[in-house]
Amino acid sequence: MRGIRMLSGFVVMAMLGVTACSSGEAPESVAERFWQAVEQRDQETVLALSIEAEGMSMNFDDDNTVMEGLQIGETVIDGDQASVETRMTAVTEERTLDLEFETALVKRDGQWLVDLEETGSRMMKSVLGVSMQELGEAMAEGMKDAMEGVAEGMAEGMKELGEAMGDAAKDAGSGSDDHR
């Protein structure tokens, strides 16, 4: 009987030790595991490592985005909240986006969990920022091409105007000789 109590005490201590190790996991480790689970489309792990936003569901079946090149950077902890620098490349059928944002984590019952709503908002801002930058670059290139076209058109117009003025001056000069 005493052996069973010792064994059960050992099992309980071992379980507490495992729980303490997993709950003491650093925010950057949780963020890295979370994004790896997203990349692998492991919905169970994603949900286990996060606080699901109200009304938000994780449905990987409808998303063809592939994430590559995950890089976890500096972590800033402020009480029960943490932000982890996150860089990755999101590849869709239409385009490739290099994203930089912060994964938001909150500490619940001693364990760091990804705040899906805040992280999703930060990631969306990054997507919009990259998209706006691409749009700006495309517009600048279009304006450059248009201005080059306008400059070429103006140069051609000035050349034709000069030729026409030269012809008019010749005609005026030859016409004045006829009236003498």
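Tutor: Let's take the core and then the salt bridges.

Student: What should I know about the model and the numbering before we start?

Tutor: This is a predicted model, where local features need pLDDT of at least 70, side-chain atom pairs count only at pLDDT 80 or more, and totals for chains, interfaces and linings use all residues. Residues are numbered from 1 along each chain as its sequence is written, and side-chain values use heavy atoms, with hydrogens and water left out.

Student: OK, how many residues are in the largest nonpolar core?

Tutor: There are 22 residues in it, and those with the most contacts inside it are Phe-34, Trp-35, Leu-99, Leu-105 and Met-123. A nonpolar core here is a set of buried Ala, Val, Leu, Ile, Met, Phe, Trp, Tyr and Cys residues joined through side-chain atoms within 4.5 Å. Buried means under 20% relative accessible area, exposed over 50%, and partly exposed in between (1.4 Å probe, protein chains only).

Student: Which elements give two or more residues to this core?

Tutor: Those are α2 (27–39), β3 (81–91), β4 (96–108), β5 (111–115) and α4 (116–178). Helices (H or I, at least four residues) and strands (E, at least two) are DSSP runs, numbered from the N terminus. The largest share of the core, six residues, comes from α2.

Student: And what does Leu-99 touch?

Tutor: Leaving out residues up to four places away in sequence, Leu-99 touches Thr-86, Arg-87, Met-88, Ala-90, Met-123, Ser-126, Val-127 and Val-130. Contact means heavy atoms within 4.5 Å.

Student: Switching topic: how many salt bridges does the structure hold?

Tutor: Five, where a salt bridge is a side-chain nitrogen of Lys or Arg within 4 Å of a carboxyl oxygen of Asp or Glu. One of them joins Arg-87 and Glu-100 (3.9 Å, N to O). That pair links distant parts of the chain, with Arg-87 in strand β3 and Glu-100 in strand β4, 13 residues apart.

Student: Is Glu-100 buried or exposed?

Tutor: Glu-100 is exposed, at 56% relative accessibility, while Arg-87 is partly exposed at 31%. Both residues also belong to a salt-bridge network with Glu-85.

Student: What about Arg-33, which residue does its side chain meet in a salt bridge?

Tutor: Glu-25, at 2.5 Å, N to O. Glu-25 counts as buried at 17%, and Arg-33 is partly exposed at 38%.

Student: Where do Glu-118 and Arg-122 sit?

Tutor: In helix α4, four residues apart, so about one helical turn separates them.
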